[in-house]
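Let's take a friendly walk through a protein model together. Have a look at the sequence and the structure below, and then read on.

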Amino acid sequence: MKQVVWITGASSGIGAALVRQYCNSGHYVIATARSKQRLEKVISSCSKPKNVTILIADLEKLDELPQLISNLWEIHQGIDTVILNAGIAQWGNVRDTKIEVENKIFNLNFWSPIQTIKLLLPKMQKKGFGRIICIGSIASQFGQRNLAAYSASKSALKIYMESLKEELYNSPIKVQIISPGNIKTKIMSSALTSNGEKLNKIGRAQEKGMSPEKLAKKIYRFSKTRRFHKIYTGIEGLALPLHRLSPKILYFLLRRRYAD
Ligand SMILES: NC(=O)c1ccc[n+]([C@@H]2O[C@H](COP(=O)([O-])OP(=O)(O)OC[C@H]3O[C@@H](n4cnc5c(N)ncnc54)[C@H](OP(=O)(O)O)[C@@H]3O)[C@@H](O)[C@H]2O)c1
C-alpha cells in the first residue's frame, strides 16, 4: 500500500538522511525546508527521486501553517506519517541572549510543531490513522550552559508530546518522539548566537557524533513500533544516568570540558 511520509527540515543533516531512508524503502516522501536548491540535491541522491515531492516552507511563519497543511494534504490526499524534524540550535548565555532570539528558537522548535500537529490531528482522525514523530534532543533531559532556550524548547516538546500520547491512547493516531545525542550534521553552523547571528562553526561534539544515515535507519525501525520515546546516543548518553545518579560529577565534568 502507498505510504506517504512528510519530513520537515529535509534539506540537510538528519532530515536529508530520513528522506533517503524512507524513499529508498519504497515510501512516497514530501520534503519540506526553505532551500529549494538543497532539497533538489537531496532528492537527486534518492533511489526513486520521482517519489519525492518538494514543499517549500518557512516553518517559523506560524500564520502560514494552515495554508501549508492544506497544500500538503492535496499532494497525495493525505499523509500517513509526519516527521517534525526542522530545528535550530543556539550558542549563547542567558544574560546576553536577546529574548527575540529565544522566541525564534521556541517558534521553530516548539510552537511550529505544536501548531502543525493541531492542524494535522483532525485530518488524521477523519482519515482514521496517522503517525506523528517529533525529533527532540538529549538536550531536553538536562540543562547545559549556552543552550538554555534550545534545551527548554526540546524539553517542552517532549512533555507536550507525552501529554498528547496519553490523550490519543485509544486512538489510531500514534505519537512518538526521538531524542538523539550528538549527530554529525552542520547544526552548529546555523546555531543562533546571543544576538541572533549564525554561529558559523563546526560543532566539536557533532563532529564525533553518529552519522545521520545511521540515525535515520534507527528512526525508521523505531517508527514501526508502538513505543513512545527513544534516545539514540553514543558515549555522550552516559550523561543521562550520571545526571540522575550524581549530577555533581556530571556538571564537574561538563565545566572542565566547556571551560570558557
Ligand atoms: N545534530 C545533532 O547533534 C542533533 C542532536 C539532537 C537533536 N537534533 C535535532 O535534529 C533536528 C535536525 O537537526 P540537524 O542536526 O539535521 O540540523 P541541520 O542540518 O541544521 O538541519 C536543519 C534543517 O531544518 C531546516 N530549517 C531550519 N530553519 C527552518 C525554517 N525556518 N523553516 C523550515 N525549515 C527550517 C533546514 O533547512 P533550510 O535551512 O533549507 O530551511 C534544515 O533542513 C533538529 O530538530 C535538531 O534540534 C540534532
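Predicted model: local features only at pLDDT ≥ 70, side-chain atom pairs only at ≥ 80, totals over all residues.

## Ground rules

A residue counts as buried if 20 or more other C-beta atoms lie within 10 Å of its own, as exposed if 12 or fewer do, and as partly exposed in between, with the C-beta atoms placed from the backbone.

Residues are numbered from 1 along each chain as its sequence is written.

## The whole chain

The chain has nine helices and nine strands. These are DSSP runs numbered from the N terminus: helices are H or I with at least four residues, and strands are E with at least two. The radius of gyration is 18 Å, close to the 18 Å that the globule rule gives for 260 residues, so the chain is as compact as a globular protein of that length. The radius is taken over C-alpha atoms, and the rule is 2.2 Å times the number of residues to the power 0.38. Along its principal axes, the C-alpha trace spans about 55 × 40 × 35 Å.

How much of the contact total comes from residues 24 or more positions apart? Such pairs account for 70% of the contacts in the chain with a separation of 6 or more. Two residues are in contact if their C-beta atoms, placed from the backbone, lie within 7 Å.

## The nonpolar core

In soluble globular proteins, nonpolar side chains tend to be buried together. A nonpolar core here is a set of buried Ala, Val, Leu, Ile, Met, Phe, Trp, Tyr and Cys residues joined through C-beta atoms within 7 Å. The largest one has 60 residues, of which I7, L18, V19, V29 and A31 touch the most other members. Helix α1 supplies the largest share of this core, with seven residues.

Let's zoom in on two of these. I7 is found in strand β1, and it is buried, with 32 other C-beta atoms within 10 Å. I7 and V19 are twelve residues apart in sequence, and their C-alpha atoms are 6.9 Å apart in space. Not counting residues up to four places away in sequence, I7 touches G15, L18, V19, Y22, V29, A31, T32, I83 and N85. With neighbours within four places in sequence left aside, V29 is in contact with V5, I7, V19, Y22, C23, N51 and V52.

Helix α2 covers residues 36–44, and its L39, V42 and I43 are buried. Seen down the axis of α2, these fall within an arc of 100°, so they line one face of the helix; the arc is that of the directions from the helix axis to the C-beta atoms. The face turned away from the buried side carries the exposed residues Q37 and S44. The buried residues of α2 pack against α1, β2 and β3.

In helix α3 (residues 65–76), which residues are buried? They are L65, I69 and L72. They cover an arc of only 60° around the axis, which puts them on the same side of α3. On the other side of α3, Q67, S70, N71 and E74 are exposed. The buried residues of α3 pack against β1, β2, β3 and α4.

## Around the ligand

A residue is near a molecule if its C-beta atom, placed from the backbone, lies within 6 Å of it. Of the 31 residues around the ligand, G9, G13, R34, S35 and G87 come nearest. Helix α1 (residues 13–24) gives the most to this shell, with three residues.

The shell divides into twelve nonpolar, 14 polar and five charged residues. Ala, Val, Leu, Ile, Met, Phe, Trp, Tyr, Cys and Pro count as nonpolar, Asp, Glu, Lys and Arg as charged, and the others, Gly among them, as polar.

## Positive phi angles

Most residues other than glycine have a negative phi. Q77, which follows α3, has a positive phi near 55°. N146 has a positive phi near 70°; N146 lies in the loop between β6 and α5 and is partly exposed, with 19 other C-beta atoms within 10 Å. N200 has a positive phi near 55°; N200 lies in the loop between β8 and α6 and is exposed, with 11 other C-beta atoms within 10 Å.
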